[in-house]
Amino acid sequence: MLESVGSLTGSPWIYAVVALSVLLDVFLPVLPSGVLVITAATAAAAGSTTATATASVEAAAGRVPQEVPSLLVLVLCAATASVLGDLVAYRLAWRGGDRLDRAIARSRKLTSAQERLGTALSRGGGALVVIARFAPAGRSVVSLGAGAAHRKVKEFLPWSALAGVAWAGYSVGLGYFGGAWLGASWIGAAISVLALFAAGALAAYVMRRPTQTPAHEPAS
């Protein structure tokens with residue numbers, strides 16, 4: 001994958017590929033959007049370390065120096081696509097009708113997430129949305145659950161935006177530091193991907209924890 005992504009790092013198409021992958025990931029959680037973001041950031045970091053040295057050589061040879069993708073633009077593309085995907089899934093679930101309601105009722109994971117998310121948002125906190133963004137398929141579960149429960153957009157959107165920025169920043173950061181320290185190699189990419197999976201496993205564990213029921217207050 002490093003070679004394939006590396007061929008795109010000098011073209012604006014890298015941003016479109018990353019954005020499309022992240023956007024569709026909410027509907028197809030099997031897409032390796034996180035791996036793609038990390039690999040692109042790894043190639044960009046490794047390329048930035050050699051760009052200055054090779055620019056003069058390429059210019060002398062009459063070739064146009066290859067541009068290195070902007071890490072900031074990469075974060076913005078991934079975060080924006082994440083939020084747009086969340087909103088599309090949210091709206092589809094909102095208008096899903098009885099068929100989707102029955103499908104959610106048959107899924108223990110979706111039902112549990114819907115209940116926990118409703119409680120969290122009603123209390124003014126949406127940390128669950130941010131945590132779920134890192135868990136495998138957690139983004140899909142939370143977005144569909146919020147839409148099916150008809151949560152208000154103003155309750156869901158800010159937390160979805162925060163989740164998208166946090167996930168994109170973390171993924172790009174992993175790829176950048178892996179590429180800067182270990183270069184554009186499979187070892188650097190593998191270590192960064194393992195760190196992303198570790199965060200996902202931790203997020204999945206937190207999401208699986210049962211909700212604690214607060215103790216009943218004594219009657220006044």
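These legends walk through several close-up views of a predicted model.

Figure 1. Start with the overall picture: the protein chain has 10 helices and 0 strands. Reading along the sequence, you get the pattern α-α-α-α-α-α-α-α-α-α. Of its 220 residues, 40% count as buried. Take the contacts between residues at least 6 apart in sequence, and 80% of them join residues at least 24 apart. The accessible surface comes to about 12100 Å², and carbon and sulfur atoms make up 66% of that.

**Figure 2. Here is the largest nonpolar core.** This core has 37 residues, and the ones touching the most other members are Val18, Val22, Val37, Leu74, Ala78 and Trp167. Zoom in on Leu74 and, leaving aside neighbours within four places in sequence, you'll find it in contact with Tyr15, Val18, Val37, Ala40, Ala41 and Val172.

**Figure 3. Ser171 sits in helix H9.** Is this residue buried or exposed? Ser171 counts as buried because its relative accessibility is 0%, and the cut-off for buried is under 20%. A polar atom of the Ser171 side chain lies 2.9 Å from the backbone oxygen of Trp167. Skip the neighbours within four places in sequence, and the contacts of Ser171 are Val37, Ile38 and Leu196.

**Figure 4. Ala43 and Gly179 meet across the sequence.** These two residues are 136 apart in sequence, yet their C-alpha atoms are 6.6 Å apart in space. Ala43 belongs to helix H3. With a relative accessible area of 14%, Ala43 is buried.

**Figure 5. Asp25, Asp86 and Arg139 form a network of salt bridges.** Side chains of opposite charge can pair when their charged atoms come close. A search of the whole structure turns up 3 salt bridges. In one of them, the side chains of Asp25 and Arg139 meet at 3.7 Å, N to O. Asp25 is in helix H2 and Arg139 in helix H8, so this pair ties together parts 114 residues apart in sequence. Arg139 also forms a salt bridge with Asp86, with the closest N and O atoms 2.6 Å apart. That pair links distant parts of the chain too: Asp86 is in helix H4 and Arg139 in helix H8, 53 residues apart. How accessible are these residues? Both Asp25 and Arg139 are buried, with Arg139 at 5% relative accessibility. Asp86 is buried as well, at 3%.

**Figure 6. Glu155 and Arg151 pair up in a salt bridge.** The two side chains meet at 3.2 Å, N to O. Glu155 counts as partly exposed, at 21% relative accessibility. Arg151 is buried, with a relative accessible area of 18%.

Figure 7. Helix H2 (13-25) and helix H4 (71-94) are the elements that give two or more residues to the patch. For a closer look, pick Leu20, which is placed in helix H2. At 48% relative accessibility, Leu20 counts as partly exposed.

Key. Residues are numbered from 1 along each chain as its sequence is written. This is a predicted model: local features need pLDDT of at least 70, side-chain atom pairs count only at pLDDT 80 or more; totals for chains, interfaces and linings use all residues. Side-chain values use heavy atoms; hydrogens and water are left out. Helices (H or I, at least four residues) and strands (E, at least two) are DSSP runs, numbered from the N terminus. Buried means under 20% relative accessible area, exposed over 50%, partly exposed in between (1.4 Å probe, protein chains only). A nonpolar core is a set of buried Ala, Val, Leu, Ile, Met, Phe, Trp, Tyr and Cys residues joined through side-chain atoms within 4.5 Å. Contact means heavy atoms within 4.5 Å. A polar contact is a pair of N or O atoms within 3.5 Å; within protein, one must be able to donate a hydrogen and the other to accept it, and residues adjacent in sequence count only if both atoms are side-chain atoms. Accessible areas come from the Shrake-Rupley method with a 1.4 Å probe; for residues, only the protein chains shown count as cover. A salt bridge is a side-chain nitrogen of Lys or Arg within 4 Å of a carboxyl oxygen of Asp or Glu.
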